[in-house]
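Please read the following briefing beside the sequence and the model.

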Amino acid sequence: MGTDTGGSIRLPASYCGLYGIRPSHGAVPLDGSVPLAPSFDTVGWFAWEASLLRRVGAVLLPPSSTLGPDPAFRRLLVAEDAFAIAGEAVRSALAPAVERLRGRFGAVDAVTLAPEGLEQWRPVFQTVQAAEAWAAHGAWITATKPTFGPGVRDRFAAAATLDPALTRAAAQTREGIRRRMDDLLGTDGLIVLPSAPGIAPLRGSSGAAVDAERGRALAILCPAGLAGLPQLSIPAARLQGCPLGLSLIGPRGSDSALLAIAEDLFA
């Protein structure tokens with residue numbers, strides 16, 4: 001088990017060749033966990049096998065009636081902008097798995113998640129997350145002055161100086177993104193996209209290279225988090241001998257249906 005705020009289930013699942021799910025926001029209680037950004041924080045889990053992932057879901061997820069009925073997915077939506085960020089090598093590696101999905105659906109459409117560009121959605125996520133993280137931990141950081149690693153240190157330092165007006169604007173933009181994702185999915189849509197922009201970075205990669213890869217990953221990962229939607233990463237391919245995940249995003253509350261389709265098609 002683990003928590004996923006910005007991708008901490010989905011990204012390592014892709015890198016490690018595991019199944020991993022970020023549930024609908026609020027589907028699994030966060031009792032006892034330390035918050036980071038409460039409007040994004042979720043409890044998810046990993047498994048070697050789709051059947052085990054689904055069995056865990058049967059224990060942790062609420063009855064379907066709590067979040068709404070599980071949908072019958074009828075429309076497959078291929079997120080072209082997410083695949084474009086990942087690049088041609090990732091697209092080619094994942095193509096057989098995407099084709100397997102295509103064979104199940106009568107309606108398959110190429111869609112653009114973000115008309116303004118997914119790179120424009122990433123700072124919306126980063127701003128709201130930073131504001132919430134500082135609200136949760138800023139007083140403790142100011143009082144105790146803990147030692148953080150470079151990336152975490154820099155992000156908290158930026159969060160401490162966020163302009164409240166910028167945060168309010170990002171929150172308003174987020175509502176539009178949520179409506180956009182809900183409109184695309186409706187009650188029967190299923191979005192397919194890469195789980196990551198590539199394989200895990202090499203040990204010894206420079207800080208700048210890791211930051212650049214993290215930025216590309218966040219652009220792909222942020223839609224589900226911004227909209228509070230469930231996303232499931234499937235170990236669907238290998239690239240340069242390393243694991244690579246394919247993701248499915250469903251309507252809010254479709255967690256059990258996502259687990260079922262993964263077991264049906266990819267077990």
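Does H137 count as buried or exposed? At 15% relative accessibility, H137 counts as buried, where buried means under 20% relative accessible area, exposed over 50% and partly exposed in between, with a 1.4 Å probe and protein chains only. The model is predicted, so that local features need pLDDT of at least 70 and side-chain atom pairs count only at pLDDT 80 or more, whereas totals for chains, interfaces and linings use all residues. Residues are numbered from 1 along each chain as its sequence is written, and side-chain values use heavy atoms, with hydrogens and water left out.

**Overall form**

- The protein chain comes to 10 helices and 8 strands, these being DSSP runs numbered from the N terminus (helices H or I, at least four residues; strands E, at least two).
- With 267 residues, a compact globule would have a radius of gyration near 18 Å, and the 18 Å of the protein chain agrees with this; the radius is taken over C-alpha atoms, and the globule rule is 2.2 Å times the number of residues to the power 0.38.
- The C-alpha trace of the protein chain spans about 55 × 45 × 35 Å along its principal axes, and buried residues make up 49% of the 267 residues.
- Of the contacts (heavy atoms within 4.5 Å) in the protein chain between residues at least 6 apart in sequence, 79% join residues at least 24 apart.

**The sheet**

- An open sheet of mixed pairing is formed by 8 strands in the order β1-β3-β2-β7-β8-β6-β4-β5, where two strands pair if DSSP finds at least two bridges between them.
- The edges are held by β1 (2-4) and β5 (107-111), each of which has a single partner strand, so one side of each is left without a neighbour in the sheet.
- Neighbouring strands of this sheet are turned by 30 degrees against each other on average, direction ignored; the axes are lines fitted to C-alpha atoms, for helices over the stretch in contact, and angles run from 0 to 180 degrees between N-to-C directions.
- Strand β7 runs antiparallel to β2 (residues 19-22), to which 3 bridges join it, and antiparallel to β8, to which it is joined by 8 bridges.
- Within β7, S233 stands opposite G20 and also opposite S247 in β8.
- Strand β8 (residues 242-249) also pairs with β6 (residues 189-194) in the antiparallel sense over 4 bridges, and I249 in β8 is the bridge partner of I191.
- Helix α5 (residues 88-102) lies across β4 (75-79), β5, β6, β7 (231-239) and β8, and runs at about 50 degrees to β8.

**Helix α6 and H137**

- H137 lies in helix α6 (residues 118-144), and this helix bends by about 60 degrees at H137, the bend being the angle between axes fitted to the seven residues ending there and the seven starting there.
- The 27 residues of α6 should span 39 Å at 1.5 Å a residue, and the 37 Å between its end C-alpha atoms agrees with that; the expected span is 1.5 Å times one less than the number of residues.
- Not counting residues up to four places away in sequence, H137 touches V34, P35, L36 and F156.

- Helix α9 (residues 207-227) has 21 residues and reaches 30 Å from its first C-alpha to its last, close to the 30 Å expected at 1.5 Å a residue.
- A kink of about 45 degrees lies in α9 at L221, shortly before the proline P223.
- R10, in helix α1 (residues 10-16), counts as buried at 0% relative accessibility.
- Leaving aside neighbours within four places in sequence, R10 is in contact with D4, R22, S195, L221, A224, Q231 and S233.

**Residues with positive phi**

- In the hairpin of β7 and β8, which has 2 residues between the strands, Q240 takes a positive phi near 55 degrees, a positive value in a residue other than glycine, and Q240 counts as exposed at 67% relative accessibility.
- G228, which follows α9, has a positive phi near 70 degrees.
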